[in-house]
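Subject: The structure we talked about

Hi,

Here is the structure I promised to pass on.

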Amino acid sequence: MPIEKLRENLTRLREEIARADDGDRDALAGLEQLSREVERELEQERALSDPAGLVQEFERSISGFEASHPNLSAIVNNVLMLLGSIGV
């Protein structure tokens with residue numbers, strides 16, 4: 001089920017953020033906040049507010065991490081793919 005996979009990837013994303021020991025801490029904190037926002041809305045079983053903006057925020061958030069944190073980038077890409085599969 002895409003929603004369950006999305007939740008799993010959000011958990012993996014937060015774990016990877018916690019392991020990240022270098023980089024822009026503000027950007028990492030913003031990415032973690034974004035993942036928690038999505039999870040909170042999923043838990044409340046409501047439609048994601050501003051889904052297009054959410055996708056854009058995720059895309060912007062990983063722009064500086066592709067080289068330094070490839071796992072983080074891969075997880076965010078999975079999250080984006082799963083959001084697309086549920087119609088976001």
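This is a predicted model: local features need pLDDT of at least 70, side-chain atom pairs count only at pLDDT 80 or more; totals for chains, interfaces and linings use all residues.

Leu6 has a relative accessibility of 0%, and buried means under 20%, so Leu6 counts as buried.

Where is Leu6, and what does it touch? Leu6 sits in helix α1. If you skip its neighbours within four places in sequence, Leu6 is in contact with Val38, Leu42, Val79, Leu82, Leu83 and Ile86.

Now the core. The largest nonpolar core has 22 residues, and Leu6, Leu13 and Phe58 are those with the most contacts inside it. At least two residues of this core come from each of α1 (2-19), α2 (25-43), α3 (51-61) and α4 (70-85). The largest share is that of α4, with seven residues.

Next, how the helices pack. Two packed helices are described by the angle between their axes and the distance between the axes.

Take α1 and α2 to begin with. Their axes come within 10 Å and cross at roughly 155°. Angles over 145 degrees count as roughly antiparallel, so α1 and α2 are roughly antiparallel to each other. The crossing of α1 past α2 is left-handed. Among the residues making the contact are Ile3, Leu6 and Arg7 of α1, and Leu28, Leu31 and Glu32 of α2. By type, the residues in the contact of α1 with α2 are nine nonpolar, two polar and seven charged.

Then there's α1 with α4. Here the axes come within 9 Å and cross at roughly 160°, which makes α1 roughly antiparallel to α4. α1 passes α4 in a left-handed crossing. The contact includes Leu6, Asn9 and Leu13 of α1, and Val79, Leu82 and Leu83 of α4. The residues in the contact of α1 with α4 divide into 11 nonpolar, four polar and three charged.

So what ties these notes together? Leu6 does: it is part of the contact of α1 with α2, part of the contact of α1 with α4, and among the residues with the most contacts inside the largest nonpolar core.

Cheers

How values were computed. Residues are numbered from 1 along each chain as its sequence is written. Side-chain values use heavy atoms; hydrogens and water are left out. A nonpolar core is a set of buried Ala, Val, Leu, Ile, Met, Phe, Trp, Tyr and Cys residues joined through side-chain atoms within 4.5 Å. Buried means under 20% relative accessible area, exposed over 50%, partly exposed in between (1.4 Å probe, protein chains only). Helices (H or I, at least four residues) and strands (E, at least two) are DSSP runs, numbered from the N terminus. Axes are lines fitted to C-alpha atoms, for helices over the stretch in contact, and angles run from 0 to 180 degrees between N-to-C directions. Angles under 35 degrees count as roughly parallel, over 145 as roughly antiparallel, 65 to 115 as roughly perpendicular and the rest as oblique. A crossing is left-handed if the near helix is turned anticlockwise from the far one by less than a right angle, and right-handed if clockwise. Contact means heavy atoms within 4.5 Å. Ala, Val, Leu, Ile, Met, Phe, Trp, Tyr, Cys and Pro count as nonpolar, Asp, Glu, Lys and Arg as charged, and the others, Gly among them, as polar.
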